[in-house]
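The following report describes one protein model for computational use.

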Amino acid sequence: MKRFWSRFFYSFPIQLLLLHFRKYQVLLIFWAILFSTINGGFAKTYGGDALYLAPEYMGKVNFYSTTVMGVAAAIFTMSWNITTFILHSGRFKFLATTSQPFSRYCLNNSIIPVAFLLMLLWRGWQYQRWQELNSIPQILLLAEGFICGYLAILFVSFFYFFNADKNIGRRLMRKFGNPRNFLRTVLIPNQEHDENALPVLSYFSSPWRIRRARNVGHYNKHYLDNIFRQHHFAAMITIGLALVFLVIMAYLMDFPAFRIPAGASVLIFFAFLIGVAGAYAYLLESWAIPVVIAMILGLNWMVKNQWLDNRNKAYGLDYTDKISRPAYSVPHLQEFFTAARAEADRKHTRQILENWKKRFPAGSKPPLIVINTSGGGSRSAAWTMNVLQRYDSLLKGQLINHTMLITGASGGMMGATYFRELYLRQQEGRMPTARNLYDSSYCEKISKDLLNSVFSSFAVNDFITPFRHFDIGKNSYAKDRGYAFEMQLNLNTDHILNKKLGEYRQPELEARIPMLIWCASINADGRRLYMSPQPVSYLCAPEYRYPTRSMRDVDGVDFGQFFANQDANELRVTSAIRMSATFPYVLPNVFLPSNPIVDVMDAGISDNFGQETSLRFLYNFRKWINENTGGVIFIQLRDSRKNDVSPIKQKKDLGDLLFEPLFSMQRHWTSMQDFDQDHLINYMEGNFPGKFTRLIFQYVPQQADKAAALSWHLTPREKLDIARALDNPANQQSFRQLDAALGGSMTSD
């Protein structure tokens, strides 16, 4: 028994596995991330598991999408094998005496890849059965696609290295001359002791055959090292070809066929990182750390001095004229957003309110609706579309007809923007003849995948070809994942959102559609950026002045007026949506042409529900609203349950004690916003005594632990779960209250 365990311990697969944990542990991080993700650990809240278990390609999860995923998984596996072969093969000299060293190495290095492959297939089966609602034959077809893609790459890889083995043998024969000289040189033992060599008693020569490792003491050490160097050269060529492949992919990203599944993009990106890291460590050896420090310092210098400037920009804005850029400073903001400007803007908006009132019978006082929609990726976009379509249909168009203002954050604003554009097209008679505003296909379109394009671009454009740009007029913009997001959003929505901000100015002014204000958070100081085709500087500072202060405390920026000289009205609507939905790292921060330059990101950082913007609007026009309307109906569309308490751990481990203080505020960010805004809403009710109705429509999953992911990708089950949440008793009760609040107006109509 002792001999058995000794042979087991000193077998090549076990020694390799242990070596991975002893050396270059950073390479195992990639496997740890993948294992955790597919098991619902890492990035579960953001739908990370769906990227691998339900890969979408060309908008569908089918044989071809899983084939692409299989190809990517095999590329990652081969990159892992090639890299570790370069780093570790010198420790196992007996490999040089085998007929196909690299193939033998891969076979014995397959414990981790095979475990991952089996787990991925098993978890994919479960996910497809319960989340994608697929039948067993469909699941088997998907698995077949994955296996075919995986095996295809393995076949090509081993065929390449099999031919490399032959070429290496021929080169060595030519180098050493005739067979007699060859054998004489090879069999001269070298007495140098190799401190890095590890003992191996046996190895798998094939999947079903175990052989004893050959003693190489009678071989010349330099000859064995020469064989490995030749194989390492072949492996380096493979890494170079992978880089060429990624560059080609980057240039073909504009074609839908080359936007591979997001999970496949991540795997290929991981494969590239592993390959580069391995080649780097092999070539530089002890100089690796000093050189990487020098490279980081050099890169930092180039970025700091703007030799490299790949910052994301808002599409449509003019960045060429650096002289007329507005100064971003406290004194200039206070000088720019004056009380006189705010009053002029209020007068302009009161005209919109008057035009809105003209839509109703003369002498009537219609209820005024304000809609606030929360952030939350595609989940919130789908929820917003479902609510607006269902309830506006049931109310015979009166929901949107009574709505004066829509605001919010992130995905909610994406859904609201899409619905409002469809409503405008219906008014103008430009809707497809076979569809109406409430067609279910529109909800499906806004729910389509956006994550594949973003991650594919992240993997190839942002890192491999960051120099690629496209032009709009005289302005040049980077083709990064921000560009990919907007391009895919336009494709998903049939390009009807491919408009400029200024194109909505007249329809809003005439009150043919509700005003819509996109918001973003300015990273420099936390101020809000308000994007609207109308002048709204009255939102940028408190209306009143402190008795002891003569200056306005400006806490917001009216985008349209502040960047008027930079063609603010030319801003693409999709860019406004993206600026409001820039979740950290998923989408790039957008830099604005101010002096100094500032960047913005997700509106949800400061107000995930858009309610504070709405409350400022209502406060500014409280007098007009009280005199001319039947009151305010304040609607909140939220993609999460209000007043929900996360499970509290009764026992805490060391990790909780170390990291909980760092992330507890982040986990409760939206709850804290809820508590603060509830107080503000309570104060606002005092300005509309007996005329303020607050209604909440919230997405409540049918199973608490099966909520739709906070992601730009939704599964069929998640889409169905979101739609069914409309039938939640609390939402039904809110709708009855909405119906009652609009009853008088509906009767008069």
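## Annotated spans and model overview

For "transmembrane region", an unreviewed UniProt entry lists residues 67-87, 107-125, 137-162, 233-252, 258-280 and 287-303. UniProt positions follow the numbering used here, feature names are shortened, and annotations may be inferred rather than shown by experiment. This is a predicted model, in which local features need pLDDT of at least 70, side-chain atom pairs count only at pLDDT 80 or more, and totals for chains, interfaces and linings use all residues. Residues are numbered from 1 along each chain as its sequence is written, and side-chain values use heavy atoms, with hydrogens and water left out.

### Confidence

The predictor's confidence in each residue is expressed as pLDDT, from 0 to 100. Its mean over the protein is 80, and 77% of the residues reach 70 or more. Among the elements, helix α9 (residues 179-186) has the lowest mean pLDDT, 48, whereas helix α21 (residues 505-509) has the highest, 96. Two stretches stay under 50: for residues 216-220 the model has 20 contacts (heavy atoms within 4.5 Å) beyond four places in sequence, and for residues 744-749 it has 11 such contacts.

### Overall composition

The secondary structure comprises 31 helices and 14 strands. Of the 749 residues in the protein, 53% are buried, where buried means under 20% relative accessible area, exposed over 50%, and partly exposed in between (1.4 Å probe, protein chains only). Among contacts with a separation of 6 or more, 79% are between residues 24 or more positions apart. The accessible surface (Shrake-Rupley method, 1.4 Å probe) comes to about 34300 Å², and carbon and sulfur atoms account for 60% of that surface.

### Local features

Helix α6 (residues 101-108) is largely enclosed by the rest of the structure, because seven of its eight residues are buried. The buried residues of α6 are Pro101, Phe102, Ser103, Arg104, Tyr105, Cys106 and Asn108.

Phe9 belongs to helix α1 (residues 2-9) and is partly exposed, with a relative accessible area of 39%. Together with Tyr10 and Leu18, Phe9 makes a nonpolar surface patch of about 240 Å². Patches are made of residues with over 30% relative accessible area and no salt bridge, nonpolar side chains (Val, Leu, Ile, Met, Phe, Trp, Tyr) being joined within 5 Å and like charges within 9 Å; a salt bridge is a side-chain nitrogen of Lys or Arg within 4 Å of a carboxyl oxygen of Asp or Glu.

Methods: Helix = DSSP H or I, 4+ residues; strand = E, 2+ residues; numbered from the N terminus.
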